[in-house]
Amino acid sequence: MTIKLGFVVAEFNRDITYMMEIEAREHAGFLDAEVADTIYVPGAYDMPLAIKKLLERDEIDAVVTIGCVIEGATQHDEIVVQHAARKIIDLSLEFGKPAALGISGPGMTRMEATERIDYAKRAVESAVKMVQRLG
């Protein structure tokens, strides 16, 4: 059985999330998982509704989030990631399907974000393993 993934990709910091998405797609293929659908959202804060829409679909086994939240002059980055992560956990529990966190940040510079592109690959790995292990 091929595992079918849904991707939710943030457009904010797209230069970085684009590279993350490419790595995630390549790794999904390596693991014999299929990216069945992708929803692009403005930023990490906007992900929960798109995640919910994908998790509602019977053919989607898991959702992978791909985003990048870079530190600014305020604590905005911390608030965004904290609330997005909390809601992602809630949705996973509500639907009984994995929703993997592939959002890098908060508290990182653009350079650090570039060094953490593999977070998306790790999220794909986590989603696939959870589907396999939970049956």
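Start by selecting E21 and R25, whose side chains meet in a salt bridge with an N to O distance of 3.0 Å. A salt bridge here is a side-chain nitrogen of Lys or Arg within 4 Å of a carboxyl oxygen of Asp or Glu. Before you click further, note that this is a predicted model, where local features need pLDDT of at least 70 and side-chain atom pairs count only at pLDDT 80 or more, while totals for chains, interfaces and linings use all residues. Residues are numbered from 1 along each chain as its sequence is written, and side-chain values use heavy atoms, with hydrogens and water left out.

**Stop 1: helix α1**

Stay with your selection: E21 and R25 both sit in helix α1, 4 residues apart, about one turn of the helix. Helices (H or I, at least four residues) and strands (E, at least two) are DSSP runs, numbered from the N terminus. An α-helix has 3.6 residues a turn, so residues three or four places apart point the same way.

Is E21 buried or exposed? Its relative accessibility is 4%, so E21 counts as buried, whereas R25 is partly exposed at 32%. The cut-offs are these: buried means under 20% relative accessible area, exposed over 50%, and partly exposed in between (1.4 Å probe, protein chains only).

Now select Y18, M19 and I22, which make a nonpolar surface patch of about 270 Å². Patches are made of residues with over 30% relative accessible area and no salt bridge; like charges are joined within 9 Å, and nonpolar side chains (Val, Leu, Ile, Met, Phe, Trp, Tyr) within 5 Å. The areas come from the Shrake-Rupley method with a 1.4 Å probe, and for residues only the protein chains shown count as cover. M19 belongs to α1, residues 14-30, and is partly exposed at 35% relative accessibility.

**Stop 2**

Next, select R86 and D90 in helix α3, 4 residues apart. Their side chains meet in a salt bridge of 2.7 Å, N to O. R86 is partly exposed at 48%, and D90 is partly exposed at 24%.

Then move to E125 and K129, joined by a salt bridge of 3.7 Å, N to O. Both lie in helix α5 (residues 119-134), about one turn apart. E125 is partly exposed at 27%, and K129 is partly exposed at 34%. Salt bridges that share partners also join R14, E21 and R25 into one network. How many salt bridges does the rule give? The count comes to 9.

**Stop 3: helix α2**

Select residues 47-55, helix α2, and colour M47, P48, A50, I51, L54 and L55, which are buried. Seen down the axis of α2, these buried residues fall within an arc of 165°, so they line one face of the helix. That arc is taken from the directions from the helix axis to the C-beta atoms. What do they pack against? Their partners are β1 (3-10), β2 (33-41), β3 (62-68), α3 (76-95), β4 (99-100) and β5 (103-104). Contact means heavy atoms within 4.5 Å.

**Stop 4**

Most residues other than glycine have a negative phi, and most peptide bonds are trans. Select N13, in the loop between β1 and α1: its phi is near 60°, a positive value in a residue other than glycine. N13 is buried, at 12% relative accessibility.

D32, in the loop between α1 and β2, also has a positive phi, of about 60°. D32 is exposed, with a relative accessible area of 59%.

Finish at P106, in the loop between β5 and α4 (110-115). The peptide bond from G105 to P106 is cis, with omega near 0°.
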